[in-house]
Amino acid sequence: MTETFVIRGRKVVPGVAEAEALVSHERISGWGGVDPRDGRIIETRHALRGQSFAGKVLVFPGAKGSSGWSAQFHVARVMGTAPAAWLFNQMTTKIALGAVVSHAPAMTDFDIDPLTVIRSGDWVRVDADAGLVTITRKA
């Protein structure tokens, strides 16, 4: 039996996308924390170091570090390595710019913290236009 549930949130960038989730319980640094050429997290002490967010729904608390987010995620979009969608808890100008330049659906301000219900490998459909995130638990 497949477990599916829905959480609601606020649209940051419009659109609909679905993909496997990559969940980080740590903030991610844009400048020096990601390699936009292949979509890998390269931050030295990050728990997901070496893993790629390319084509995945990136679920994380928010951004940290400098204002390099827009440049890094613009390059990731051009290289085809950007996330399919973004779900994050804390809105900042850094993350807003990164999400906008990636042209991927993005959401925040959820009724349930996505970090408590989404696991890496779950299938996630992000409908930012409707404010809905549908999670299908990985078997």
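**Close-up 1. Arg137 and Asp122 are both buried.** Buried means under 20% relative accessible area, exposed over 50%, and partly exposed in between, with a 1.4 Å probe and protein chains only. The two side chains meet in a salt bridge, 2.4 Å from N to O; the term stands for a side-chain nitrogen of Lys or Arg within 4 Å of a carboxyl oxygen of Asp or Glu. Arg137 lies in the segment after strand 12 (132-136) and Asp122 in the loop between helix 3 and strand 11 (123-127), so the pair ties together parts that are 15 residues apart in sequence. Helices (H or I, at least four residues) and strands (E, at least two) are DSSP runs, numbered from the N terminus.

The model is predicted: local features need pLDDT of at least 70, side-chain atom pairs count only at pLDDT 80 or more, and totals for chains, interfaces and linings use all residues. Residues are numbered from 1 along each chain as its sequence is written, and side-chain values use heavy atoms, with hydrogens and water left out.

**Close-up 2. Arg10 and Asp109 form a salt bridge, with the closest N and O atoms 2.7 Å apart.** Because Arg10 belongs to strand 2 (residues 10-13) and Asp109 to the loop between strand 10 (106-108) and helix 3 (114-117), this contact ties together parts that are 99 residues apart in sequence. Both ends count as partly exposed: Arg10 has 38% relative accessibility, and Asp109 has 47%. The whole structure holds 9 salt bridges.

**Close-up 3. Asp127 and Arg125 are joined by a salt bridge.** Their closest N and O atoms are 3.8 Å apart. Asp127 is buried, with a relative accessible area of 15%, whereas Arg125 is partly exposed at 34%.

**Close-up 4. Phe53, Phe60, Trp69, Phe73, Trp86 and Phe88 form one aromatic cluster.** Rings of Phe, Tyr and Trp (its six-membered ring) pair if their centres lie within 6.5 Å; planes under 30 degrees apart count as stacked, over 60 as edge-to-face and the rest as tilted. The structure has 7 aromatic pairs. Phe60 and Trp69 are stacked, because their ring centres are 6.1 Å apart and their planes stand at 0°. Phe60 also pairs with Phe88, in a tilted arrangement with 6.2 Å between centres and 50° between planes. Phe60 is in strand 7 (residues 57-60) and Phe88 in strand 9 (residues 85-88), so this pair ties together parts that are 28 residues apart in sequence. Relative accessibility is 1% for Phe60, which is buried, and 0% for Phe88, also buried.
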